[in-house]
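Please read the following report alongside the model, which is shown first.

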Amino acid sequence: MSQKEASEELLSRVYSHPDDDSARLVLADLLLEQDDPLGEFIMLQCASQPDEARVRALLQQHGLTWQAPLGPLIHPGATRFERGFPVSVRMSFFQQPRPAPGPAWGTVREISLRGSLTPLAADWLASPHLHAVTRMHGMHAAIARRLGAYPLPVRRLEVEGRAYRESHPDTFLALSALPHLTWVDVPDAAPGDVSQCATSPMARRLERFTASSSEDWFLAATPSEEVTVSVTLLREEGVGELEAAIRAAVGFGTRALRLVSRPRLEGASLRLLKEAAAAYARTEWV
């Protein structure tokens, strides 16, 4: 077997079994024999105490070349590497053409897709070459709701697109079909998002659900913990929405509510939150 054939076989093993370092280290040795800088880079990043200055120098010189096998949809220079290969990328679907992902995607665990709206992205993300992807950020709801049609390994998902979610209340129902999904983040949320997720089949299996509304309020639900819902009011203007979100979050569990208010509340605003908190067995005011 030639060195080229051996390298290709080892690369295939790395892509197929990204958690197994043995193939990476053998590949690194082979590449070092060929004076390929990727060999040194793999060795450095696999070391217990890598030379970070040398790692940065190699990335500056070769990073774009090493991310090139991922294709043209990747944002140049935004890729994070671990143990010699890409693990986190930023990408968009604005560019044409959109070639299907190849085997090099096998080491990628995290994708950020902010700004892309086309639902066709879900079909692309369902490629078997993305078998290691467990985190997806910036997924527009138009894409996210279609992900449920595929048995993807994703465990954490950030869902954007408030207007679309409001007009498609089945978004969280569709996402319930993702077998490994245990963490959902919803920026720019409305109380309806909390309600839709809390009443979906995945509500009690989630480890964490977060929803936030601009600068007004933040909610985190952790169904398996003693405090099932924690909320923070950032501005008094958000009291009405937060009150509705607290009521909607009972679907995650009612053992305890932790409530933090940055502004000092009194009168009608304080009464609203107290009435909403009554649905929980215990309330912690912080």
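## Strand pairing and the sheet

Glu82 stands opposite Phe85 in strand 2, and strand 1 and strand 2 (residues 85–90) pair in the antiparallel sense over three bridges. Strands here are DSSP runs of E with at least two residues, helices are runs of H or I with at least four residues, and both are numbered from the N terminus; two strands pair if DSSP finds at least two bridges between them. This is a predicted model, in which local features need pLDDT of at least 70 and side-chain atom pairs count only at pLDDT 80 or more, while totals for chains, interfaces and linings use all residues. Residues are numbered from 1 along each chain as its sequence is written, and side-chain values use heavy atoms, with hydrogens and water left out.

The open sheet is formed by 11 strands in the order 1-2-3-4-5-6-7-8-9-10-11, with mixed pairing. Strand 1 (80–82) and strand 11 (283–285) stand at the edges with a single partner strand each, so one side of each is left without a neighbour in the sheet. From one strand to the next, the twist averages 15°. Helix 11 (residues 267–277) lies across strand 9 (229–233), strand 10 (257–261) and strand 11, and runs at about 150° to strand 11; axes are lines fitted to C-alpha atoms, for helices over the stretch in contact, and angles run from 0 to 180 degrees between N-to-C directions.

## Ser112 in strand 3

Ser112 is found in strand 3 (residues 110–112). With a relative accessible area of 14%, Ser112 is buried, where buried means under 20% relative accessible area, exposed over 50% and partly exposed in between, for a 1.4 Å probe and protein chains only. Leaving aside residues up to four places away in sequence, Ser112 touches Val89, Arg90, Met91 and His137, a contact being heavy atoms within 4.5 Å.

## Helix 9 and helix 10

The axes of helix 9 (residues 191–198) and helix 10 (residues 239–248) come within 8 Å and cross at roughly 5°. That makes helix 9 roughly parallel to helix 10, a class that covers angles under 35 degrees, with over 145 counted as roughly antiparallel, 65 to 115 as roughly perpendicular and the rest as oblique.

Pro191, Val194, Ser195 and Ala198 in helix 9 meet Glu241, Ala244, Ala245 and Ala248 in helix 10.

## Cysteines

The structure holds zero disulfides, a disulfide being a pair of cysteine sulfur atoms within 2.5 Å. Cys46 counts as partly exposed at 25% relative accessibility, whereas Cys197 is buried, with a relative accessible area of 0%.
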